[in-house]
Protein chains: 2
Amino acid sequence: MSSVSSPDTPQQPDFDLDAWVGQRLTQVERALEQWVTADAPQGLDHGAPAQLVEAMRYAVLDGGKRLRPLLVLAAHEAVQRDGQASASDVNAALRAACAVELIHAYSLVHDDMPCMDNDVLRRGKPTVHVQFGEASALLAGDALQALAFELLTPQDGSVAHATQAHLCAVLARAAGSAGMAGGQAIDLASVGLPLTESQLREMHELKTGALLQASVMMGACCGAPAPQAVAALQTYGAAIGLAFQVVDDILDVTADSSTLGKTAGKDADNNKPTYVSLMGLQASQQYAQDLLHRALGALECSGLAQTRALRALANMVVNRAS
Amino acid sequence: MSSVSSPDTPQQPDFDLDAWVGQRLTQVERALEQWVTADAPQGLDHGAPAQLVEAMRYAVLDGGKRLRPLLVLAAHEAVQRDGQASASDVNAALRAACAVELIHAYSLVHDDMPCMDNDVLRRGKPTVHVQFGEASALLAGDALQALAFELLTPQDGSVAHATQAHLCAVLARAAGSAGMAGGQAIDLASVGLPLTESQLREMHELKTGALLQASVMMGACCGAPAPQAVAALQTYGAAIGLAFQVVDDILDVTADSSTLGKTAGKDADNNKPTYVSLMGLQASQQYAQDLLHRALGALECSGLAQTRALRALANMVVNRAS
């Protein structure tokens, strides 16, 4: 368990995470570039829906960290038998990786709107509604959600129907009222209210955790993992999902705005409950490390051989600087 | 072809549309009541996501005409072999009927928001954002779209995976940038601009037509229609989809607000292009009848035996009073 007890030190000298990430990002960016595009009718000369597609592309093709796609691909790598996946499964995993990113991207577009967080900057650029107007931002988010499910259901025989159905089910549930949208509703209702730690955890498990966990499970869907592995990946995904938010709260007070690419200290200014406001900085940092240990421990019990990327991503999530 | 040449007269003395509709509406309302409900976590005591679910239910369970679900079920009836469908197909069709209604309902919620049409009344009730606030309306719409795809992908073996995948594909495409959302983007960009008839048709084919046609095709997906029948149903769906909008434009100038349940004359006041403003009232009325003939003609060439409900619904769409 030495790799679990000291997660801050590099544990996989033979594994080059940067190279692994670089290769996957190239695939994902190329796929998004191709799929978030204009097979929308272009016939009218009023610039729409071309403008809608432009807003969708602006929202997606902006150099996000692509954590969710990376989790999909890392989980898929972990469940491959003999390190080999069929072309169909590889295709499914890449589609799943892009689909979950589209859901994430749409949620940011809607979340930034004036009636929600009213943010004008995202990753150093004007937010979609600032750039294209509120109505276009609303529609672009809506269309991105639909596109996610379209990506998951190619009608050319390239992905098994059972995989398509399973991927849609996992993603829909994680995005909806029992997942991300539900968590955002709790977040809205919680501003200025005292929350217990369990209430805060429940909010984040839905708002951020559900989609991160779904990313892991969607990667697993594209293979045929044993029940023991499925359970381990669920634990891993839940721990990583929560850790991501705890670290987000820590960085909101420890990092500066230019490092974050967004306004630091905003949660505190908005009187939003955070782990740091609730537990204090040091206990939050310890909690993040505990969650990392839980995630890595789950992988050790998973029966999966190829978990190097999942382990490295867990480390990256918890020990990131922005 | 006498049934086609005089669509205003009752053509199916043996078919009681009201009874057929009544039975189907009972099924659909019961299913929506059950499915748009609170398996969202209820643990927090801040009223959310319970409030989110409440907003979703408010948006859906409000006595709409349910035209889209009826089209799904009528098309499914048409493609049944020997008038019999398996329990799995019946389940799939009811899920498809509800899913398409959820997409329609979410589009109304978002369409009514201040940044879009800024409507305060819908079917005589305050719109969702008036009742629950803009942020909740935004999230409720988002969650309804996710729920549509969740409904289509039950993980209990009750619907064949191929059917689930096909239904998701058809619905996602009809809802997205190449369908409903794309049409709304064109609509936004077209206010106050002169449109040709072909441009107006393209806008409506996407904005309203795509989802109506998808309803028909989703019903067909829940059976195994011959290619000839699929082509006929596509023609039927396209004609009905366009006719629906032409009649909508006609009613906007001929009906009063209390009959419509919404503000009459609003399109003209907003300087929105309509069929009536473009073609005149009489030519629009003739066009609606022409589209009805096209829809009924397609059914006659479909090779399908049981098209009575589809025929009756086509008549209802074109000859409706509200």
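These notebook entries record what I looked up in the structure.

**Basis.** I worked from a predicted model, in which local features need pLDDT of at least 70, side-chain atom pairs count only at pLDDT 80 or more, and totals for chains, interfaces and linings use all residues. Residues are numbered from 1 along each chain as its sequence is written, while chains are lettered from A and ligands numbered from 1 in the order in which they are written.

**Chain A.** I found 16 helices and two strands in chain A; these are DSSP runs numbered from the N terminus (helices H or I, at least four residues; strands E, at least two). Of its 322 residues, 54% are buried, that is, with 20 or more other C-beta atoms, placed from the backbone, within 10 Å of their own.

**Interface.** I recorded 55 residues of chain A in contact with 55 residues of chain B (C-beta atoms, placed from the backbone, within 7 Å). Helix 7 of chain A gives the largest share of the side of chain A that touches chain B, twelve residues. The copies meet through the same surface, because 100% of the interface residues of chain A are also interface residues in chain B.

**Helix 7 of chain B.** I saw that 17 of the 18 residues of this helix are buried.

Technical notes
Buried ≥ 20, exposed ≤ 12 C-beta atoms within 10 Å, placed from the backbone. Contact = placed C-beta atoms within 7 Å.
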